[in-house]
Amino acid sequence: MEGYHEPVLLKEVLDALNVKRDYWYLDATLGDGGHSLKILKLGGNILGLDVDSKALERAKKRFERCSIDISRYKLKLGNFRDLERLIKDNGFEDVKFAGILFDLGVSSLQFESAQRGFSIRNEGSLDMRMDPTLSVSALDLINGLNKGELYELFNKLGEEKFSKAISDTLVSSREVGIKTTKELAELVEDVYRKHGIRKWKIHPATKVFQALRIAVNDELNSIREALPQALEVLDEGGKVIVISFHSLEDRIVKNTFKDWEDQGFGKIITKKPVTPSEDETTMNPRSRSSKMRVFRKNRMSTSL
Ligand SMILES: C[S@@+](CC[C@H](N)C(=O)[O-])C[C@H]1O[C@@H](n2cnc3c(N)ncnc32)[C@H](O)[C@@H]1O
């Protein structure tokens, strides 16, 4: 299985789902299908969605190689913000899902493809679209937004403390033209050095990259729009599980679940978010910032 995205919090997801044979589960972020494959092996069926057609192809091949019966999974292209429409368009309107998983962010495949521009360390063009058909790339934002807009973006979506200096420098270096991930990373490094910071554990451009990625893929609105639809298509007693990788996303999930609980739709299973064990973060450093939250929808009998 080498070369596949390592599924984060896999045991914790499976413990929360308690997979039941022949029930349908919705994987809203299929990626390499790591979580889905386990669900399939435990007897559950999968509707898998991804905005990236490459992810669908890889997961399909992976399931075929594992001899999973083709009638037990359907893999479809689409953005989870259109969840209900995608479910209907693909003939699942009568299915209630026993569990729904959102494993947010990018996959290893996307991250490591230099030309897709997600990684600070790999030289590539500043693209950052998870869905390659989106019209606006990170480079378009860098070149098209004014100073104030860039400041807002880095400040709000990156919570970056040097947002002003970075946006000023970006705009003043437009004539030379920043084009690649490496050039952007170096520009941010320079800003940090000018502020007397010369050593770092986490690369100083991490937050700027995060902000651009969130904006390009409209990540916060996507999960905000998807969650109510997920609750709608979830079976009674079923669970919505969200794994997020930054505080802005996690806040949306936390507040939505709280709101659902207050309205009597069900119960928050994770009072505190579940985080990876030390073993997992050692084995898979990318799991470091993950947080999992679980909500269980009421059964009619318990909600009455
Ligand atoms: C972290 S990976 C999922 C990895 C997967 N759980 C596994 O174990 O292989 C996230 C995937 O979700 C997809 N994705 C991100 N946002 C999406 C959205 N709004 N709609 C559909 N897919 C999305 C990405 O393209 C990526 O393939």
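The model is predicted: local features need pLDDT of at least 70, side-chain atom pairs count only at pLDDT 80 or more, and totals for chains, interfaces and linings use all residues. Residues are numbered from 1 along each chain as its sequence is written, and side-chain values use heavy atoms, with hydrogens and water left out.

**The domains.** Colour residues 10-109 + 220-303 as domain 1 and residues 135-216 as domain 2; these bounds come from an automatic or database domain assignment. The C-alpha centres of the two domains lie 32 Å apart. Contact (heavy atoms within 4.5 Å) involves 7 residues of domain 1 and 6 residues of domain 2.

**The interface.** Next, select Arg251 and Glu159, which form a salt bridge with their closest N and O atoms 3.6 Å apart. A salt bridge is a side-chain nitrogen of Lys or Arg within 4 Å of a carboxyl oxygen of Asp or Glu. The count between domain 1 and domain 2 is 1 salt bridge. Then show helix H12 (residues 247-262), which gives the most to the side of domain 1 that touches domain 2, with 3 residues. Helices (H or I, at least four residues) and strands (E, at least two) are DSSP runs, numbered from the N terminus.

**The whole chain.** Zoom out to view the protein chain, which has 14 helices and 7 strands. Its C-alpha trace spans about 60 × 45 × 40 Å along its principal axes.

**A last stop.** The salt-bridge rule gives a count of 19. To visit one further pair, select Asp32 and Arg58, whose side chains meet in a salt bridge (2.7 Å, N to O). Asp32 lies in the loop between strand E1 (24-27) and helix H2 (34-41), and Arg58 in helix H3 (residues 53-65), so the pair ties together parts that are 26 residues apart in sequence.
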